Amino acid sequence: MDSVASVRDSLAEVGYLADEPAALVGYLAQRMGKPVLVEGPAGVGKTELAKALSRATGRELVRLQCYEGLDESKALYEWNYRKQLLRIQSETQEEAAGGWEATRGDIFGEEFLLTRPLLRAIASPEPVVLLIDEIDKTDQEFEAMLLEVLSDFQISIPELGVIEARTHPVVVLTSNNSRELTEALKRRCLYLWLDYPEVEREMEIVRLHAPELDERLARRLVEVVHMVRALDLKKPPSIAESIDWARALLLLGADDLDRSVFERTMSIIVKHRTDVDLVAERVGVKLSGPGLEAEAAG
Amino acid sequence: MSAPEGLPPGLAPRVVAFCEELRAEGLAVGTSEILDAFEALEAIPWTEREDFRETLAATVAKSQEDRRVFELLFDRFFFRASEAEALQQGISESERHAGGEALDLDELREAVRQAIREGNDGEMRDLARLAIAAFGRQGEGSGVVGVDVQRIRRTLGLQTQPRAAEGEEPALDREQITRFERHLRRELERALIERTQKLPPSRPLAELDRALPTSPAQDLAAVHRAVAQLKRRLATLGHEQRGRRRRAVVDMRRTMRASLETGGVPLRLRYRPKRPRRPEIYVLCDVSTSVTSASVFFLSVLHALHDSFRRLRSFVFIERISEVTDVFEHERDFTSISQRISSEGGVADVSGYTDYGRVWLEFGELISDELDPRSTIIVLGDARTNGREPHADVFARVAERSGRTFWLNPEPRLYWNYGDSVMAAYERHCTAAFECWTTRHLENFVNVIAGGQPLAPDSA
């Protein structure tokens, strides 16, 4: 992958239609070896971008899912204390010789180290794609801990010394923007804002994942999804939900998106009670054909 | 800092100057970002305008807000740069209207609509020039760019909403119209620069472009957008707090587990992670005419923040009290919320004057069983009883049953307890009372109920 266009093409080959900025940043991330911070609303394909990058480059994907209370022992490494205890006990039974020095050198060896995603990504002999998902869910202390990994690609373990990356991983961090990340973290990253795609691109995406769907119907569907997104909803429909909806229409054998079909299948894209009311009221009435009630009455 | 090798000598200083302007607009662009930008520009074909812009954006603008400012500045900065260069070299385009013979306005209008529908940028730019030329012949040019843009737009009949009278004209996409407007604006500026032979002074972006909505006349979507920012700031504040105030509860299970590392001796204590406090909130809002706008705005903000709270119930009162939680769950439009509150609330019985005493009696009956130490009561009102019995003792009982009671007064503290205001009688039973008449006051208060410390006092 040695140009922006080739990045975009190889992403498209593995089923991810990247827009211009996404392809460009993906390319820069590889060239410059800098992590990418991807922000955007839920369901625009942030995580999918990392997965597609790993598929396109043939690298393994190492994923660290963040959550509140995530700490070093879950993200970096942990000493396997059970195994260490066993080692100590078995030694005292056989021969107490060797002394403390030997034992310490023994039980703090790589054999007793449990690698967690970050250490695994750094220590891997093959280059990997490291996905740090929903970084905004963690607290600031964890972010600070990440800084060493992200800028120098190394991890220091007091008992073992510094473990440096053998190969340069491509790092993708995603954030749903639920809190402001620290300046220090942002400074080390390239920034990519992914937004809902425009009608044309979303149509391509839907057609890629549901190829049997009639083109006219696909366009109609994407237009309706865009209308729904324009409303002030609690949870606007994501790209994945457009695809689900397209597949559902295929299964139902619908050949047009009229009002009754819409009202029946709306729950695939709108998942909040108050949103359902609002969408039925604002979008449903714009579609042609009789509504459910009218049909039932007739 | 030496100029990077792969770039032409003129580019690096321009990029640095651009970053200077970004800093002046408040973006945190550090030296490391500028170095990144250079490194990135060497890796891409920077002669492509879009690639150049995206590369710069990815390296120096690191939030959506920053990106918005970046876009505004980028256009202005590099447009001005190229115009300045053109002036210096005496390049002008004055014959460019040669092809634009007396074009029919209706034809032009149709062509513009066509280009906007198709989203064709090059076409839009050409048509913007034609439109300016045609418009100029009518002799209505005011010379002020902003005014002219709006006049041309009106003449061309570009509207986002379809007009009721003529159904055959479909509505155009708002985004696309904005893009066309941008072309218009740029072409007008270009013409102005050619006419006057000098660049207009560059101004910092208007404060208006970034201000919070202040008046309740805006629709709820705008409030939601403003609140989204507020929410993010609050979320971050909470985290800082947790870092500093390390007082925490020891987690026995994790401490024991950690002690196995040290042979069963608990050398390192493990603490239970602190969860942000999500209070259960009862809001009572005075909606008599003197404070309506403040209360409805306040209620909307609280409802926009609803997922920060475990439960949120809202009540409005004048003479009587009435629950309006449902209204906010179903309505998103500000004016219809105001209407429904005034029509369905049924809170003004006879005189339309606030009766605090009666309100406390009713509220106590309605809700006192559900109050517990985890609940928070927020009252928004001016505490002006119109000379009626304040029933401060009933209020005291309600306040006692709940965990915290806050009073927000939309009047400046100076006016409290003057005239018929009985603020002092109520304030005694409250956890705290705040004045609340600017967005900053509001932000401060929301921060307090979400568990944070009060922000630094407003200097103004």
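In chain A, strand β5 (residues 128–133) and strand β8 (residues 170–175) pair in the parallel sense, over four bridges. Within this pairing, Leu131(A) has Val172(A) of β8(A) as its bridge partner. The model is a predicted one.

These two strands belong to an open sheet of five strands in chain A, with the order β2-β5-β8-β1-β9 and parallel pairing. Its edge strands are β2 (60–65) and β9 (190–193) of chain A, each of which pairs on one side only. On average, and with direction ignored, neighbouring strands of this sheet are turned by 20° against each other. Helix α2 (residues 20–32) of chain A lies across β1 (36–39), β8 and β9 of chain A, and runs at about 160° to β9(A).

In soluble globular proteins, nonpolar side chains tend to be buried together.

Which residues does Leu190(A) touch, if residues up to four places away in sequence are not counted? They are Val25(A), Leu28(A), Ala29(A), Lys34(A) and Val36(A) of chain A, and Ala58(B) and Thr59(B) of chain B.

Chain B contains an open sheet of six strands in the order β3-β2-β1-β4-β5-β6, and its pairing is mixed. Because β3 (321–323) and β6 (432–435) of chain B stand at the edges with a single partner strand each, one side of each is left without a neighbour in the sheet. Neighbouring strands are turned by 20° against each other on average, direction ignored. Helix α14 (residues 356–367) of chain B packs on this sheet, where it touches β1 (280–286), β2 (311–317) and β3 of chain B. The direction of α14(B) makes about 40° with that of β3(B).

Strand β5 (residues 404–409) of chain B is joined to β6(B) by four bridges, and the two run parallel. Strand β4 (residues 375–380) of chain B also runs parallel to β5(B), joined by five bridges. The table lists residues that stand opposite each other in these pairings.

| Residue | Opposite residue | Strand of the opposite residue |
|---|---|---|
| Ile378(B) | Phe406(B) | β5(B) |
| Phe406(B) | Ala432(B) | β6(B) |
| Asn409(B) | Glu435(B) | β6(B) |

Is β5(B) mostly covered or uncovered? It is mostly covered, since five of the six residues of β5(B) are buried. A right-handed β-α-β unit is made by β4(B), helix α15 (residues 392–401) of chain B and β5(B).

Finally, the two chains meet: 34 residues of chain B are in contact with 30 residues of chain A. On the side of chain B that touches chain A, at least two residues each come from α2 (31–43), α3 (49–60), α4 (64–89), α9 (220–244) and α12 (325–330) of chain B. Helix α9(B) supplies the largest share of that side, ten residues. By class, the side of chain B that touches chain A has eleven nonpolar, ten polar and 13 charged residues.

Terms used
Residues numbered from 1 in each chain as written. Chains lettered and ligands numbered in written order. Predicted model: local features only at pLDDT ≥ 70, side-chain atom pairs only at ≥ 80, totals over all residues. Contact = placed C-beta atoms within 7 Å. Nonpolar A, V, L, I, M, F, W, Y, C, P; charged D, E, K, R; others polar. Pairing = 2+ DSSP bridges. Axes fitted to C-alpha atoms, helices over the stretch in contact; angles between N-to-C directions. Buried ≥ 20, exposed ≤ 12 C-beta atoms within 10 Å, placed from the backbone. Right-handed = clockwise from strand over helix to strand, strands pointing away.
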